[in-house]
Amino acid sequence: MTRMAVPRALARAGVAALLVFAAGCGGSLREAAIGGVASFDRGKEEFDRGDWMDAIADFKAYVEQFPGTEKTDDALFYLGESYFRTKDYALASGQYDRLIRDFPASPLHPDALFQLARCDDLQSRPAALDQTETTRAISRYKEFIELYPEHARAADAKRRMDALTDRLAEKRWRNGRLYYRLKHYDAAEYYFRSVMERYPTSVWASESQLFLADVLIRKKKVAEAVTVLRAVGESLASADVKARAERRLREIKPERDQ
């Protein structure tokens, strides 16, 4: 390298360092139209084509180089969307969450909150397993509905929140059934009653009533069991559940509690 080449190389390195430093300072810095600089527009073109991995690389670079531009919240959102479409819901959540925290006034705030709930929703597990993600998704859907009741996706959020709440009811019903099979009738009664109290409109509430009646019979509380079964017939339970309750009533003979 010649003597003239060294100062020029150092100068180029200095300019690059200044760009990185300036990007870290935030503010109103806009994307520079020079070669080698991250491009939001290029990332959006890749996103629109369905080239998710290329879009991820460009949006990620843009957010890192320009954390305070007028397009940073857009870049975060589309970075999250790109991860979402590759089904990497954990990384998608991180981008939506950052947008919500760092850009609360962004017009993309509602969509980011909805998608954040969707990530938890899609990671939630069947009722027999841990329900941490289910509970978190319900909380975020609820926040979305409270903040944006007129949003186009509010109805979807309500529908998913109801479905996930039903899953929590099923979880408790399964716990009650397990204790019933183990003949731990006090614990079984607790869970069945909790389903009826916490989730009265769930299909699992009427299912819990049927099991609760059997629990009460095992505990020699036949008259109370009869009352529970008769209540099923007066409830909003399905025709099948009501028929089962009626059949169960015919099978038992009411007698005094012992």
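I call a crossing left-handed if the near helix is turned anticlockwise from the far one by less than a right angle, and right-handed if clockwise. Helices are DSSP runs of H or I, at least four residues, numbered from the N terminus. This is a predicted model, where local features need pLDDT of at least 70, side-chain atom pairs count only at pLDDT 80 or more, and totals for chains, interfaces and linings use all residues. Residues are numbered from 1 along each chain, and side-chain values use heavy atoms, without hydrogens or water.

**Helix pair.** I looked up helix 10 (residues 203-218) against helix 12 (residues 239-251). Their crossing is left-handed. The two pack at about 15°, with axes 10 Å apart. Helix 10 is therefore roughly parallel to helix 12 (angles under 35 degrees count as such). I listed the contacts (heavy atoms within 4.5 Å). From helix 10, Ser206, Glu207, Leu210, Asp214, Ile217 and Arg218 meet Val241, Arg244, Ala245 and Arg248 of helix 12. By class, I find 4 nonpolar, 1 polar and 5 charged residues there.

Beyond four places in sequence, Tyr96 touches residues including Phe77, Phe84, Leu116 and Cys119.

**His109.** I found His109 in helix 6 (residues 109-123). Is His109 buried or exposed? His109 is buried, at 8% relative accessible area; the cut-off for buried is under 20%, with a 1.4 Å probe and protein chains only. Leaving aside neighbours within four places, His109 contacts Leu99, Ile100, Phe103, Pro104 and Tyr148.

Methods
Axes fitted to C-alpha atoms, helices over the stretch in contact; angles between N-to-C directions. Parallel < 35°, antiparallel > 145°, perpendicular 65-115°, else oblique. Nonpolar A, V, L, I, M, F, W, Y, C, P; charged D, E, K, R; others polar. Buried < 20%, exposed > 50% of the residue type's maximum accessible area, 1.4 Å probe, protein only.
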